[in-house]
Amino acid sequence: MGLFAEKIVLGLPDSDISYYPNFLKEEDANAYFRALRDETPWQQDDITVFGKTYPQPRLTALYGNNGKAYSYSNITMKPFGFTSELLQIKTTIEKEVGVAFSTCLLNCYRDGKDSNGWHSDDEKELGKNPIIASISLGAERFFHLRYKKDKTVKHKMLLEHGSLLLMQGVTQHHWQHQIAKTSKKIGERINLTFRVIK
Ligand SMILES: O=C(O)CCC(=O)C(=O)O
Ligand SMILES: [Fe+2]
C-alpha cells in the first residue's frame, strides 16, 4: 500500500463500494503499468449482444490460478497462469481485503474511443454476492454507476492511477457500471479486476 491508506466509502443505497485513491505506491503503479502494457498477450474478441456481433471496444486478457474459465457477452476466456507482477498486486489487495482471489480480468482501453458498456458483474460463476477488486493504471477514466431500479440515480467518479475500487455485497444486484467513451485526447488505461471464480 502507498503512504496514505485512505479509504472512501461511497455510501450509495443497496451497495458496498469503497475507493482507495492511493492504493499502490506511485513507483510500483508506474512499473506495473509498463510491464502489463508491454508483456500481456492482449486480445480483441468479437462479442455478441442482442444478436449483433462486433469487435469488443477494448483489449482483454484473463489470468487465474484454478484454470476456471470466465464467460460474458458470448465470450468464454481461458485463463493464463498469474505472472509475478499480477501475483504481487493480488497479494497486496488480499492483505487489505482478506479475500483470496482466483482470477483477474485485464482490460486495456487504448484511448478515449475504447469503452465498456453498462453491465453488472453478475455472471453465475462469480457466486451470489461477488467481490470485485478493481485496480486502475495509466490514464484516468470516469467510472459511471447507475441504480437499476431508477436509472436517473447515478454516480460518476474518476479512477486514478494506482487506485483500488472495491465492489461487494449486494452491489451487483442493484447497480450497473460502465466506462464511457470520451472525445478528450487521452492515453492508455489498464484495469485489473480481481474476482473469485468457484
Ligand atoms: O475498466 C474498469 O474500470 C471497469 C471494468 C469492468 O467493469 C469489468 O471488467 O467488468
Ligand atoms: Fe464490470
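How do the residues of the shell around ligand 1 divide into nonpolar, polar and charged?

1. The shell holds four nonpolar residues, six polar and one charged. Here Ala, Val, Leu, Ile, Met, Phe, Trp, Tyr, Cys and Pro count as nonpolar, Asp, Glu, Lys and Arg as charged, and the others, Gly among them, as polar.

2. This is a predicted model, in which local features need pLDDT of at least 70 and side-chain atom pairs count only at pLDDT 80 or more, while totals for chains, interfaces and linings use all residues. Residues are numbered from 1 along each chain as its sequence is written, and chains are lettered from A and ligands numbered from 1 in the order in which they are written. The chain has a mean pLDDT (the predictor's confidence in each residue, from 0 to 100) of 95, with 98% of its residues at 70 or more. The scores are ipTM 0.99 and pTM 0.96.

3. Around ligand 1, the residues include Asp121, His177, Asn191 and Thr193; each has its C-beta atom, placed from the backbone, within 6 Å of the ligand. At least two shell residues come from each of β9 (103-109), β15 (175-179) and β16 (189-195). Strands are DSSP runs (E, at least two residues), numbered from the N terminus.

4. Four strands form an open sheet in the order β10-β15-β12-β13, paired antiparallel; pairing requires at least two DSSP bridges between two strands. β10 (116-119) and β13 (154-159) are at the edges with a single partner strand each, so one side of each has no neighbour in the sheet.

5. β12 (residues 141-147) is joined to β13 by six bridges. Arginine 146 has lysine 154 in β13 as its bridge partner.
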